[in-house]
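Hi,

Here is the structure I promised to pass on to you. Have a look at it first, and then read on for what turned up.

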Amino acid sequence: MFSMNNKRSGSMKLALIGCMAMTLFLSACGNGNNEKAANSGTEATAAPTATAEATAAPTETTAPATEKTVTDAMGHKVTVPANPQRVLASYMEDYLVTLGVTPVAQWSVTNGTQEYLIAELKDVPTISYDLPLEAVTSFAPDFHIVQSESSVQNGLYDQLNKIAPTYVLGDKISKDWRKSLLKIGELLNKSTEAEQAIADYDLKAADAKAKISSSIGDDSVAILWLVSKNFFIVDETRSSGAVLYGDLGLKQPNLVTDIPAASRATWNPITLEKLAELTADHIFLVNSDKTEASDILNGAIWKGIPAVKAGKVHELSADSSWLYSGAIANSKTIDDVLSFLVK
């Protein structure tokens with residue numbers, strides 16, 4: 001009799017334990033689904049009901065971010081905080097915004113900021129391009145990224161590094177926006193976001209390339225910048241040049257291909273007389289001299305250029321994205337090209 005009661009009591013305990021375990025398990029699953037719904041909008045409600053096997057499958061967990069030590073372009077050993085909260089990356093705000101990071105301050109010069117990012121950075125204070133130490137200190141960054149080796153010479157790096165861990169991206173990487181975005185994504189634990197942004201951009205560029213090719217065929221395109229009464233022509237590998245000639249596959253004009261590779265800059269100075277030799281079918285003109293250089297644009301040399309005579313000059317303001325580079329800048333440049341060339 002004692003043995004039978006003992007067995008029955010044991011069975012009831014096991015059943016009770018089983019019920020409690022199942023209740024906790026279903027509660028955990030319910031919380032997980034609620035969190036997924038909050039993060040995924042309507043996707044969670046649209047998903048089919050999970051089977052018992054699927055519900056019971058183990059879920060992957062992401063290890064928490066940890067402090068890491070990396071080597072920058074100048075050979076500095078830099079300790080990056082686990083989750084930087086106050087990032088300063090002057091002139092690289094395009095990358096930060098793309099990754100969903102709001103900088104503590106944004107690059108500026110006397111004439112203004114990167115106006116194409118005005119909506120994204122409307123509440124972000126400015127810092128001078130030359131990074132005054134007092135200003136950097138006032139923003140209390142916990143991680144600082146510098147674009148070029150040349151900007152931290154003469155002991156400036158050591159002074160900046162005393163304020164916050166400072167990583168120099170370097171010219172070799174910074175001339176390629178994709179590599180820059182991937183590296184910054186890696187530093188800020190945003191690699192997935194960086195890779196997705198590049199994939200989205202490449203898809204947009206491929207679609208635009210097909211539309212533009214269908215519209216203008218093999219026409220050549222020049223990109224000029226007019227500032228302080230001087231003309232500059234963009235290099236094929238940088239800013240809007242990389243977009244039009246690289247991503248969109250547009251034909252380069254004679255003056256771009258004539259520039260010796262060893263002496264090329266992002267924007268190359270070109271005389272008005274030399275510009276008279278330009279044979280491009282289309283000209284994109286970034287005009288920073290709306291009033292000062294009106295006499296140049298009304299002069300005989302400019303008006304004698306074939307694309308100008310044909311009415312195929314597409315003018316852009318100095319506030320446009322064409323002088324800059326990054327996923328956002330380049331995407332806006334593609335939008336402009338489509339609006340002008342695809343009817």
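Asp202 and Arg178 form a salt bridge, with their closest N and O atoms 2.8 Å apart. Since Asp202 belongs to helix α9 and Arg178 to helix α8, the pair ties together parts that are 24 residues apart in sequence. Please keep in mind that this is a predicted model. Asp202 is partly exposed, at 32% relative accessibility, and Arg178 is partly exposed too, at 23%. Salt bridges with shared partners also bring in Asp247, joining Arg178, Asp202 and Asp247 into one network.

The two helices are worth a look as well. The axes of α8 (residues 177-187) and α9 (residues 191-216) come within 7 Å and cross at roughly 155°, which makes α8 roughly antiparallel to α9. Residues in the contact include Trp177, Arg178 and Leu181 of α8 and Ile198, Tyr201 and Asp202 of α9. By type, the contact residues divide into seven nonpolar, two polar and four charged.

Across the whole structure, a search finds nine salt bridges. One of them joins Asp335 and Lys204, at 2.9 Å from N to O. Asp335 sits in helix α16 (residues 327-341) and Lys204 in helix α9, so this pair ties together parts 131 residues apart in sequence.

Finally, there is an open sheet of three strands, in the order β3-β6-β7, with parallel pairing. β3 and β7 stand at its edges with a single partner strand each, so one side of each has no neighbour in the sheet. Helix α6 (residues 156-163) packs on this sheet and touches β6 and β7.

Enjoy exploring!

Notes
Residues are numbered from 1 along each chain as its sequence is written. This is a predicted model: local features need pLDDT of at least 70, side-chain atom pairs count only at pLDDT 80 or more; totals for chains, interfaces and linings use all residues. Side-chain values use heavy atoms; hydrogens and water are left out. Axes are lines fitted to C-alpha atoms, for helices over the stretch in contact, and angles run from 0 to 180 degrees between N-to-C directions. Helices (H or I, at least four residues) and strands (E, at least two) are DSSP runs, numbered from the N terminus. Angles under 35 degrees count as roughly parallel, over 145 as roughly antiparallel, 65 to 115 as roughly perpendicular and the rest as oblique. Contact means heavy atoms within 4.5 Å. Ala, Val, Leu, Ile, Met, Phe, Trp, Tyr, Cys and Pro count as nonpolar, Asp, Glu, Lys and Arg as charged, and the others, Gly among them, as polar. Two strands pair if DSSP finds at least two bridges between them. A salt bridge is a side-chain nitrogen of Lys or Arg within 4 Å of a carboxyl oxygen of Asp or Glu. Buried means under 20% relative accessible area, exposed over 50%, partly exposed in between (1.4 Å probe, protein chains only).
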